[in-house]
Amino acid sequence: MHRDDLPLKDQAENICPRPDRMADQATWPMAAAIYPASVWACQSPDQALAILNGDADGYVYQRDRHPNADMLAEKCCGLHHSERSVITSSGMAAMSAALLSQVERGDHVVASSRLYGRSLTLLDAEASRLGIETSVVDTCDLAAVRDACHAKTRLIVAETISNPVLRVADIAGLANVARQCGAKLLIDNTFATPVLCRPRDLGADLVMESISKMMNGHSDVMLGVLCGQIADWQRVPLVVSAWGLASSPFDCWLATRGLATLPLRFERAADNAMQVARFLESHPSVKSVDYPGLESHPDHDLARQQFGDRFGSMVTFHLAGGREAATSLIQAVAQVPFSPSLGEVSTTLSHPESTSHRGHTPDELHAQGIDGGTIRLSVGVETIDFIVNALKRLASGG
Ligand SMILES: *Cc1c(COP(=O)(O)O)cnc(C)c1O
């Protein structure tokens, strides 16, 4: 019986937010639908069983699968030339999914010493509680990576571009080492995005992105994605469902919308970043600038070979005046918010010593090229004049 055929009293007392089935329409919507349903109705026990076992296509429970995640995952598969993608509740959930699906108790992981702080905590401190041993090495040194590998090594983890001094990973080189050692290579591509680099084309087995950053680009979503090949995917769906790493439909819908402008946002931000790097290089208060597009960067040639003629949207610089100069700059440059994330449409800055690298000892900070005067810019899509004018206050600020 149709709702309208019910007596008025029943209609009022049985208000159900489930829409009636949409009649066939001659036209179709220009925006994707959001499916917030946590659970779907099934036709029969046989059908439910087949879908839940993964033997038939369909949806039953949101934590296992939902249409908004599928739509976003399909786009990520295309962007990263992958056979499989899974959307997770955060970038860290994508890293967890990679670890938990590829590695077991007694296995060994080799991780870059320059990984995102929480990734290092996960792979080093947390994984060791589960009986997984991790060696932390400088992955820019391929010989050191090879030396760290042994018979139990299953996973090598590095970032395409590291934080904050923007060292570039030799992905093809690392993939070679991984193959020789019988390990998989996982690349965190968050600072590069698939517009700059597709690690799978260079030999990486698995790629992850924090969609919370430039992939979405509007500071309103927390999501991650893991991409890979069918051969490495056996445990992934179960790990994501059982460890509770799944994504929210609304976040996936927003990120699908953000992703539509990724290439435009990226090109503009990378173009701005190159000009900002050159501006800072010539600034008297600035001791040095780290940007892979500058000839002075230690990985400039590798970056050129891997990325072509653009180098991403992140620029790091070091103020001669240390922490005090950084504090006055942050107060003077009001149009560039001190906001310790990255990849937004607007230009933001971060101060690694007090945020991302706060747990490091002075020696570790020194080894990573960080001091109190280190500022990391995430360059946005404003006009270059707006950004450079904002940064000009740097002179009066310190
Ligand atoms: C932010 C970030 C992550 C973690 O992503 P979340 O979405 O914040 O969980 C991992 N790697 C890098 C390089 C990041 O910048």
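## Around the ligand and beyond

The ligand is surrounded by 13 residues, and the closest are Gly91, Asp188, Ser210, Ser212 and Lys213; a residue counts as near if one of its heavy atoms lies within 4 Å of the molecule. A quick note on the ground rules: this is a predicted model, where local features need pLDDT of at least 70 and side-chain atom pairs count only at pLDDT 80 or more, while totals for chains, interfaces and linings use all residues. Residues are numbered from 1 along each chain as its sequence is written, and side-chain values use heavy atoms, with hydrogens and water left out.

By class, the shell holds five nonpolar, five polar and three charged residues. Here Ala, Val, Leu, Ile, Met, Phe, Trp, Tyr, Cys and Pro count as nonpolar, Asp, Glu, Lys and Arg as charged, and the others, Gly among them, as polar.

Which helices each supply at least two residues of that shell? They are H4 (91–102) and H9 (211–215). Helices are DSSP runs of H or I with at least four residues, strands are runs of E with at least two, and both are numbered from the N terminus.

H4 also packs against another helix. Its axis and that of H5 (residues 117–129) come within 10 Å and cross at roughly 40°, with axes fitted to C-alpha atoms over the stretch in contact and angles running from 0 to 180 degrees between N-to-C directions. The crossing is right-handed, meaning that the near helix is turned clockwise from the far one by less than a right angle. H4 brings Met92, Met95, Ser96 and Leu99 to the contact, and H5 brings Arg118, Ser119, Leu122, Leu123 and Ala127; contact means heavy atoms within 4.5 Å.

Finally, the loop between strand S4 (153–159) and helix H7 (171–181) contains Pro164, which is joined to Asn163 by a cis peptide bond with omega of about -5°. Leu166 sits in the loop between S4 and H7 as well, and has a positive phi of about 60°.
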